[in-house]
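Here are some notes for a colleague who is meeting this structure for the first time. They are set out as numbered points, to be read with the structure in view.

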Amino acid sequence: MQVFKQHCQIAEEYNEVKKEIALLEERKKELIAKLDQAEKEKVDAAQLAREFEVLMEENRTLKLAQSQCVEQLEKLRIQYQKRQGSS
């Protein structure tokens with residue numbers, strides 16, 4: 001009878017450990033998913049930073065081109081006004 005009681009106790013402990021292992025396995029899956037998401041966000045952030053740098057450089061280039069166009073337009077206006085004044 002004593003052996004049977006020990007067997008039942010060991011079986012209960014085994015089931016508890018088995019449940020705990022299942023819970024820990026599930027938690028492990030959740031943590032791996034969170035880690036994967038964090039790594040993806042880190043990659044996304046790095047990609048966005050690179051895109052930002054490219055766009056900032058493009059913006060600088062476009063501002064320079066716009067400034068040059070404004071200067072050229074002003075020169076053309078002056079030339080046009082001189083021609084209108086001399087005619």
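Which residue forms a salt bridge with aspartate 44, and how far apart are the closest N and O atoms?

1. In this predicted model, the partner of aspartate 44 is lysine 40, and the closest N and O atoms of the two lie 3.2 Å apart. Aspartate 44 and lysine 40 are four residues apart in helix H1, so about one helical turn separates them. Aspartate 44 is partly exposed at 35% relative accessibility, and lysine 40 is likewise partly exposed, at 47%.

2. The structure holds five salt bridges, among them one between arginine 60 and glutamate 57, whose closest N and O atoms are 2.7 Å apart. Arginine 60 counts as partly exposed at 48% relative accessibility, while glutamate 57 is partly exposed with a relative accessible area of 39%.

3. Another salt bridge joins the side chains of glutamate 16 and lysine 19, at 4.0 Å from N to O. Because the two are three residues apart in helix H1, which covers residues 2-86, they are separated by about one helical turn. Lysine 19 counts as exposed, at 52% relative accessibility.

4. An unreviewed UniProt entry annotates residues 14-65 as a "coiled-coil region". In the model, this span is 100% helix and 0% strand, and its end C-alpha atoms lie 76 Å apart.

5. The count of disulfides is zero. Cysteine 8 is partly exposed at 28% relative accessibility, and cysteine 69 is partly exposed with a relative accessible area of 48%.

How values were computed
Residues are numbered from 1 along each chain as its sequence is written. This is a predicted model: local features need pLDDT of at least 70, side-chain atom pairs count only at pLDDT 80 or more; totals for chains, interfaces and linings use all residues. Side-chain values use heavy atoms; hydrogens and water are left out. UniProt positions are given in the numbering used here, feature names are shortened, and annotations may be inferred rather than shown by experiment. A disulfide is a pair of cysteine sulfur atoms within 2.5 Å. Buried means under 20% relative accessible area, exposed over 50%, partly exposed in between (1.4 Å probe, protein chains only).
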